[in-house]
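Colleague: Could you talk me through this model, starting with how the chains meet?

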Amino acid sequence: MSTFYTGLRKRVVLLSSLLIVLTWIASSLATLSGIEQASDEQLAQRAEAVAWLMLRAASQTDEPVTGDALIRQLEQIGDSLGDTMAYEFGRASDDQAMRSSSFPELSDEATNGFSRHSGDGGDWRVFTAMSEDQSSWSRVAFTPTEPKPLTEMLVLTLKQPLLWCLTLFGILAVVLQSRFFTPLKRIEDALAEQDLLNPRPLALDPARMPRDVRPLVTQLDRILDQTKNLLEEQRTFAYGVGHELRTPLAGCLSQVQVAQRIEDPSRLKQSLAKAERALLQMTQLVDQLLLLARTDPSAPLENPSRITLSALVQESIERRTVTAQREGVVLKWRVDGPHDSEIEAKPELIRTLLTNLIDNAIRYSPRGGEILTRVDCSDDRWLVLSVSDQGSGIDAKESNQIFSPFYQSETGKSSGLGLAIVRAIVKAHGGDVSAHRRPMLGTEIRVVLPRA
Amino acid sequence: MRILFIEDDDILGDGLSEGLSLLGHQVDWLTRGDTAAHALADNAFDAVILDLSLPGFTGMELLRRWRDEGFREPILVLTADEDTRRCVEALNEGADDYITKPIDLDELDARLKALLRRARGHADNLLECGDIRLDRSDRLAWLGGEPLDLSAYEYVVLESLLERPGRVVARSQLEARLYGWSDGPDSNSLSVLIHKLRSKLGDNRIETLRGLGYRVSP
């Protein structure tokens, strides 16, 4: 049966052929047994009529016909009709009933109506007619139609239009199965054309697809689209890494080349110090890349500890105050709501998250601006951490992109990896992060974290 | 060569302007696109080095703006992209050349010289006027086949004069080439340089046109 599973086409052809043959056999049997029943019924009716006629003819006339003569005559009629009926006539007063020679030996008492007997010479159906005073009776026996062998029946039905219809149906099924599989073939062709390094939608019009194949096409398109986005992200990432490394690399190279050309020791020192700064920038970038690579948003946190978010907020604000002052920005923070702010988290990751959010806000703040970090504890399942600045605000179309690695805003202030790391950390803690334009001015980055 | 250099990264900006100064160029370095927008209108530069990603205006916006306003200074674009599409876009917007970070100082210098040659219609790095010859690639000058011993400032003045032999170069132009936006050592230092050059070239080779400037003649 292994071939049965090898091909869908083969399966369809086999199944439909099997169905056709079964239908044919079933319909043949139904037709034939219908015919047989009908002919048996006819015989039974005749037998009944003849039995009553015999009884009347023998008992009503003044000069009764002798049963014997009656039987002879009936046998003659039966012969000319091609019947195989046998007759019996008897009177209660006589010892011996008259009967056809072929009449079966019946053991039971005679009662009105049909009865079945088997034994002497095969199966018999017998109709018994009894006079009202029970003084005389007549019986007609006939053999029911023999069921014909199956092959004979099938040959018989060959002559019927039903068979021609079924044959035609079978041929059509074989011919049409290629059409039947056209949609699958088209999907196969469309997939064969795909380059997985540059996936495109299948370009199959769902309206022209059979309804039950449409979900398959939709799912395939969805996977191709996801692959495309993934590749796009990967390319952007690799490109971003190169781009972000290039500037400090160029700075370092230029300073080293300057250092090679100058003799003044103090200027030489300056150049080398700047080259070192560029190297530190690159180191920082590499550290961030590693952090991003390590923070797997889909894996559960290993050994988290219970921490109070508001305490970490306070600590981070204090650590960034000097930087903020240098940029002329004021850092404020507050905790709202009746509950505590405990979460299950990796404290070093939450510190990085807070630092990145605050640094990002500082970068986009005007001088004299204020940054508010707020921990909202009013919900009993979630903590909401928000950092709002008074910068120029974010475009709706940018609000998702800023969390992508190396997304560069139009202003040219590279957000680099900071917010991408924020997103990775939040996801790793089972939370979510979003950016919103504030009604008056500025941007609010909102982090939702599950409570401990 | 007086160069306008626009780059927002302070280490790279510092390194390249320092390096180009060491190679004898006068570099004016700006860090923002918006502050650089009017720099060409108010000053004469021989070439512009423009980073494409800048705060204020992007490099591409500056490029478009300058070319729309009719400035024809050679512009060399700096890019951190491997992607040539942005470079092609920059070239189409009127940039004359591009260079990808990280940047080799000597390559940058050679490209700037090539840009200047093309802008001035010279085929090579040699400038000549009579028996005075100057080779930009080696920063050497000769008088009648004898090498001239010139200071860096003297060289810049002679180079500026030789770029347009027989035509007047304004005092202010020469001073800008020499000192950029920083103040020169003192107001008559250019006169001192001319005097020194005359002593090396012969008195009648550099003419003073009072109120206009100087001219070199064969």
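Colleague: How much area is buried between chain B and chain A?

Modeller: In this predicted model, about 2100 Å² is buried between chain B and chain A, with carbon and sulfur atoms giving 55% of that area; buried area is the accessible area (1.4 Å probe) that two parts lose on being put together, summed over both. On the side of chain B, Ile11(B), Leu22(B) and Pro102(B) supply 27% of the area buried against chain A, more than any other three residues.

Colleague: And how many residues does the contact take from chain B and from chain A?

Modeller: Chain B contributes 26 residues and chain A 23 residues, where contact means heavy atoms within 4.5 Å.

Colleague: How many salt bridges does the rule find across that interface?

Modeller: The rule finds 4 across the interface of chain B and chain A, a salt bridge being a side-chain nitrogen of Lys or Arg within 4 Å of a carboxyl oxygen of Asp or Glu. One of them pairs Asp14(B) with Lys274(A), whose closest N and O atoms are 2.9 Å apart. In terms of secondary structure, helix H1 (10-22) and helix H6 (105-120) of chain B each supply at least two residues of the side that touches chain A, and H1(B) gives the largest share, 9 residues. Helices here are DSSP runs (H or I, at least four residues) and strands likewise (E, at least two), numbered from the N terminus.

Colleague: What about Asp10(B) and Arg277(A)?

Modeller: Their side chains meet in a salt bridge at 2.6 Å, N to O. Asp10(B) lies in helix H1 of chain B and Arg277(A) in helix H8 (residues 265-294) of chain A, so the pair joins two chains. Asp10(B) counts as partly exposed at 37% relative accessibility, as does Arg277(A) at 38%; buried means under 20% relative accessible area, exposed over 50%, and partly exposed in between (1.4 Å probe, protein chains only).

Colleague: Changing topic, is Arg177(B) buried or exposed?

Modeller: Arg177(B) counts as buried, at 7% relative accessibility. Its salt-bridge partner is Asp46(B), with the closest N and O atoms 2.8 Å apart, and Asp46(B) is also buried at 7%. Both residues belong to a network of salt bridges that also links Arg136(B), Glu159(B) and Glu163(B).

Colleague: Which residue does Lys101(B) bridge to?

Modeller: Lys101(B) forms a salt bridge with Asp51(B), the closest N and O atoms being 3.3 Å apart. Lys101(B) sits in the loop between strand E5 (97-100) and H6 of chain B, while Asp51(B) is in strand E3, so the pair ties together parts that are 50 residues apart in sequence. Lys101(B) and Asp51(B) are both buried.

Colleague: Now chain A: why is H10(A) called largely enclosed?

Modeller: Because 12 of its 17 residues are buried, H10(A) is largely enclosed by the rest of the structure; among them are Leu349(A), Asn356(A) and Asp359(A). For chain A as a whole, 38% of the 452 residues count as buried, and for chain B 50% of the 218 residues.

How values were computed
Residues numbered from 1 in each chain as written. Chains lettered and ligands numbered in written order. Predicted model: local features only at pLDDT ≥ 70, side-chain atom pairs only at ≥ 80, totals over all residues. Heavy atoms only, no water.
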